[in-house]
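Reader: I would like a close look at one part of this model. Please take the salt bridges.

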Amino acid sequence: HSRTPENYPYGGLEKNYCRNPDGYTASWCYTIDPSKRWELCPIPDCSLEKWCPLTEYKYLNKLTGSKDFVDLNSAKKDCYSDENCSGISTSPNGTFTLMTGPLSPTNGTAVTYKKGLCKQLTPVTPGQFCKMENVTLTSSITSSFGTLQEAKELCTYLEICGGFSGSEGSYTLYRSKMSSASDKDSWFKGDCPYLTKSGYGKQADYRGSLNKTESGRTSQRWDS
């Protein structure tokens, strides 16, 4: 087969772990079952995992065009896939609304759901970046910064900047921390995203150790 670590050096093709090196609809693997060459893998859904419930903060601005949701998980899935959605507010009648913009302190008791892990509430130390190899970010803001220091300084200054990708001589700033496999390096503002259990989008950034398919078949090693 052609999906080997040599042919896809940035696909994370370790051992027999489920991966998506070629841009398929989701993570998959070859199987050791002669009757089934390959199969999709049951990767956990990040859209329901990466949320931080809060009562001491709330969002002030409703996401343009957003509808009210009766089901919280449906609201999470829609918000998670929309880069302009910052989180979810709970209304007095029990429905959920997609929100945008920064959080504001409140004395209320209604639960607000912030997109992302709770540890990301800690203010980012100016100039603090986490470098990851072989990933690139999405939703660019601006590009063509010649030096690493220039990119760090502007990304630190811009509140909407989530990080930047590139190499010496050419860096691009991005508003999102969503990433995918690439031959580039990326610097995430603050903490690196948690990529060990779930993946964004088509799960190209999934780097967990799942090695069973949807039907329970064992995965075959990528180098075999």
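Is D33 buried, partly exposed or exposed, and what is its relative accessible area?

Author: D33 is partly exposed, with a relative accessible area of 24%. Here buried means under 20% relative accessible area, exposed means over 50%, and partly exposed lies in between (1.4 Å probe, protein chains only). This is a predicted model: local features need pLDDT of at least 70, side-chain atom pairs count only at pLDDT 80 or more, and totals for chains, interfaces and linings use all residues. Residues are numbered from 1 along each chain as its sequence is written, and side-chain values use heavy atoms, with hydrogens and water left out.

D33 pairs with R217 in a salt bridge, 2.8 Å from N to O. The term means a side-chain nitrogen of Lys or Arg within 4 Å of a carboxyl oxygen of Asp or Glu. D33 sits in the loop between β1 and β2 (38–40), R217 in the segment after β13 (179–189), so the bridge ties together parts 184 residues apart in sequence. Strands are DSSP runs (E, at least two residues), numbered from the N terminus. R217 is also partly exposed, at 25% relative accessibility. Shared partners join D33, E39 and R217 into one salt-bridge network.

The structure holds six salt bridges. One of them links D22 and R3, at 3.0 Å from N to O. Both residues lie in the segment before β1 (28–30), 19 residues apart. D22 is partly exposed at 28%; R3 is partly exposed at 25%.

Another joins R19 and E14, with the closest N and O atoms 3.1 Å apart. R19 is buried, at 0% relative accessible area. E14 is partly exposed, at 41%.

Note on methods: Helix = DSSP H or I, 4+ residues; strand = E, 2+ residues; numbered from the N terminus.
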